[in-house]
Amino acid sequence: MRITLKIWRQAGPAAKGALATYQLDDISEDMSFLEVLDVLNESLISSGEEPVAFDSDCREGICGQCGVVINGQPHGPEVTTSCQLHMRSFSDGAELTVEPWRATAFPVIRDLVVDRSAFDRIIQAGGFIGANTGSAPEAHSVPVQKRKADRAFEAAACIGCGACVAACPNASGMLFMGAKVTHLGELPQGQPERWSRVAAMVKQHDAEGFGGCTNIGECSAACPKEIPQDVISTLNADFRMSKGGKR
Ligand code: SF4
Ligand code: FES
């Protein structure tokens with residue numbers, strides 16, 4: 001395949017960024033998108049230029065480290081992570097504009113790398129759960145309804161990649177936060193701190209500069225783990241409860 005990459009280059013957080021164009025003429029359709037960036041970087045390094053900075057770790061769609069916007073879509077045109085996106089998703093001769101997540105709460109560090117520590121601070125604000133420590137309890141000693149277990153499991157699939165924020169016109173982190181709140185809120189172990197946890201997480205979310213949800217739905221459509229939008233309803237209902245409201 002022959003492809004043209006227009007990649008956002010930015011030397012540092014305060015530097016002015018711009019798109020730089022690169023042509024690659026011998027790309028296999030079986031390569032992942034990050035492997036294409038590896039090929040580009042090898043050629044940039046051989047010619048004495050700065051490689052393109054981008055995040056990755058597992059390259060298996062598990063860790064949530066990778067994430068770039070390709071032609072306006074977070075993680076590109078498929079429902080998957082950037083590391084699991086393959087070049088067969090594009091046509092020969094494609095021109096791909098590659099940018100970092102764009103959100104006030106995710107400042108650019110360099111090129112395609114953004115600082116997503118705001119997500120960590122939201123999780124930290126949520127705090128610990130008050131489960132007993134000691135030896136592991138027998139697995140079935142705490143009964144959990146199948147419906148609740150399934151919903152907790154579905155929400156727990158969130159890998160914290162931030163594509164929901166990048167897709168949202170309000171740069172809201174509410175799909176991410178809704179996934180985390182739902183995951184614990186459905187389980188018995190999550191009940192003791194349920195209301196204080198959601199109040200603290202929402203406060204931190206707003207302090208980080210994320211916007212509010214206005215039911216656009218781009219977050220869920222962009223999510224590589226298909227987190228459903230109704231976790232935001234759970235988040236809102238739990239937040240109301242934390243303020244003394246009713247479900
Ligand atoms: S909700 Fe989906 S898009 Fe958002 S951080 Fe979690 S996995 Fe990524
Ligand atoms: S590198 Fe781990 S999810 Fe993409």
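Modeller: Glycine 209 follows H6 and has a positive phi, near 95°. Helices (H or I, at least four residues) are DSSP runs, numbered from the N terminus. This is a predicted model, in which local features need pLDDT of at least 70, side-chain atom pairs count only at pLDDT 80 or more, and totals for chains, interfaces and linings use all residues. Residues are numbered from 1 along each chain as its sequence is written, while chains are lettered from A and ligands numbered from 1 in the order in which they are written.

Biologist: What span should the 14 residues of helix H6 have?

Modeller: The expected span of a helix is 1.5 Å times one less than its number of residues. For H6 (residues 194-207) this gives 20 Å, and its end C-alpha atoms are 20 Å apart, which agrees.

Biologist: Which residues of H6 are buried?

Modeller: A residue is buried if 20 or more other C-beta atoms lie within 10 Å of its own, exposed if 12 or fewer, and partly exposed in between, with C-beta atoms placed from the backbone. In H6 the buried residues are Arg197, Val198, Met201, Val202, Gln204 and His205. They lie on the same side of H6, because their arc around the axis is only 165°; the arc is that of the directions from the helix axis to the C-beta atoms. Ser196, Lys203 and Asp206, on the other side of H6, are exposed.

Biologist: Which residues of H8 are buried?

Modeller: They are Val231, Ile232, Thr234, Leu235 and Asp238. These fall within an arc of 155° seen down the axis, so they line one face of H8. Just after H8, glycine 244 has a positive phi of about 90°.

How values were computed:
Helix = DSSP H or I, 4+ residues; strand = E, 2+ residues; numbered from the N terminus.
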